[in-house]
Amino acid sequence: MKKILTKLLNHEELSREEMKQVLIGITHSEYPTEQITALLTCLQMRGVTVDELLGFRDGILETGVPVPLNCDRYIDVVGTGGDRKNTFNISTTSCFVIAGAGYKVAKHGNYAATSTSGASNVIAQHGVKFTDDLDQLNRCMEEAGIVYLHAQLFAKAMKFVGPIRKALPFPTIFNLLGPLVNPSQPSCQLLGVANLDQMRLYHQVYQRLGIDYGIVNSIDGYDEISLTGDFKVTTNTYERLFSPSDLGFQRALPEELVAGATEVEAKEIFDSVLENRSLPAQKNIVLANAAFGIQVLEKGQLSVDECIAKARESIDSGSALRTFKKFVELNS
């Protein structure tokens with residue numbers, strides 16, 4: 001580790017393999033807290049490279065619990081978090097809309113860090129019990145078309161750095177890793193990022209990983225398509241700035257996206273969208289995010305309008321709600 005720190009102090013970049021071995025060393029308790037803190041601080045001050053991010057990803061996946069699913073093509077919809085907007089569970093709701101449209105989904109998530117309700121909070125509110133049992137996960141994928149992977153059951157390395165991350169007053173490389181360490185390693189992903197610097201970083205990462213992807217950012221700082229203003233989308237095949245009117249939607253008001261003050265309030269919004277009784281803006285936001293997820297799954301072969309129609313049918317027909325009820329039944 002002293003050699004690694006010396007390289008960083010000399011403004012040198014670390015290789016993917018070096019970072020992987022450092023992460024594995026952390027899980028073996030090979031380094032004192034002070035050295036890990038120095039490492040995370042140096043990386044944050046200089047900025048993380050693609051290889052460094054991929055190296056830590058490799059280490060987390062190697063030291064964690066793998067989830068080989070009996071399914072060739074499925075998607076994860078996730079945000080980086082940390083945008084401080086306290087939105088309702090847009091990505092999680094979108095996942096059930098996508099599954100209701102007939103696609104496969106492996107949603108990776110955790111409890112909230114900076115908002116009222118994270119993916120795991122809203123899922124647990126419905127009585128779902130998290131599991132790492134592979135047979136149960138594959139059965140759920142087969143019968144409901146969607147599985148939920150609670151991060152704490154799989155990424156074993158994270159517990160070794162938890163206290164250090166809490167003690168530091170700034171985000172670290174681990175804040176960037178959440179979207180990249182889905183233990184089932186999906187071949188498709190829709191990722192929401194809070195700024196365009198993150199969009200450029202993940203764009204390079206996904207190109208290196210060779211998966212089908214869409215990265216979205218609302219220009220006013222949301223790490224998802226908020227419909228509160230213009231938003232940018234980058235995929236394997238195009239990069240474009242959209243406005244809500246391009247999708248046939250009105251602009252949303254920031255207060256229409258808020259999760260509320262409690263987990264119960266966030267659960268109510270989640271339920272209202274799937275039950276097709278939410279505010280129009282809440283439904284539209286989920287439709288927009290689900291649509292771009294569907295477009296990724298379709299390798300860009302369908303127009304955004306066609307994908308919105310598929311998402312809308314999932315909600316209007318009750319398919320999204322039936323999918324969620326089946327998911328709860330299989331996991332309670």
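## Ground rules

A salt bridge here is a side-chain nitrogen of Lys or Arg within 4 Å of a carboxyl oxygen of Asp or Glu. This is a predicted model, where local features need pLDDT of at least 70 and side-chain atom pairs count only at pLDDT 80 or more, while totals for chains, interfaces and linings use all residues. Residues are numbered from 1 along each chain as its sequence is written, and side-chain values use heavy atoms, with hydrogens and water left out.

## Salt bridges

The count comes to 19 salt bridges. One of them pairs Arg-57 with Asp-58, with the closest N and O atoms 3.8 Å apart. Buried means under 20% relative accessible area, exposed over 50%, and partly exposed in between (1.4 Å probe, protein chains only). Arg-57 is buried at 10%, and Asp-58 is buried at 18%.

Lys-283 and Asp-316 form another, at 2.7 Å from N to O. Lys-283 sits in helix α12 (residues 280–297) and Asp-316 in helix α13 (residues 304–316), so the pair ties together parts 33 residues apart in sequence. Helices are DSSP runs of H or I, at least four residues, and strands are runs of E, at least two, numbered from the N terminus.

## A linked group

Arg-139, Glu-143, Lys-326 and Glu-329 are joined in a network of salt bridges. Within this group, Lys-326 meets Glu-143 at 3.7 Å, N to O. Lys-326 belongs to helix α14 (residues 319–331) and Glu-143 to helix α7 (residues 134–144), so this pair connects parts 183 residues apart in sequence.
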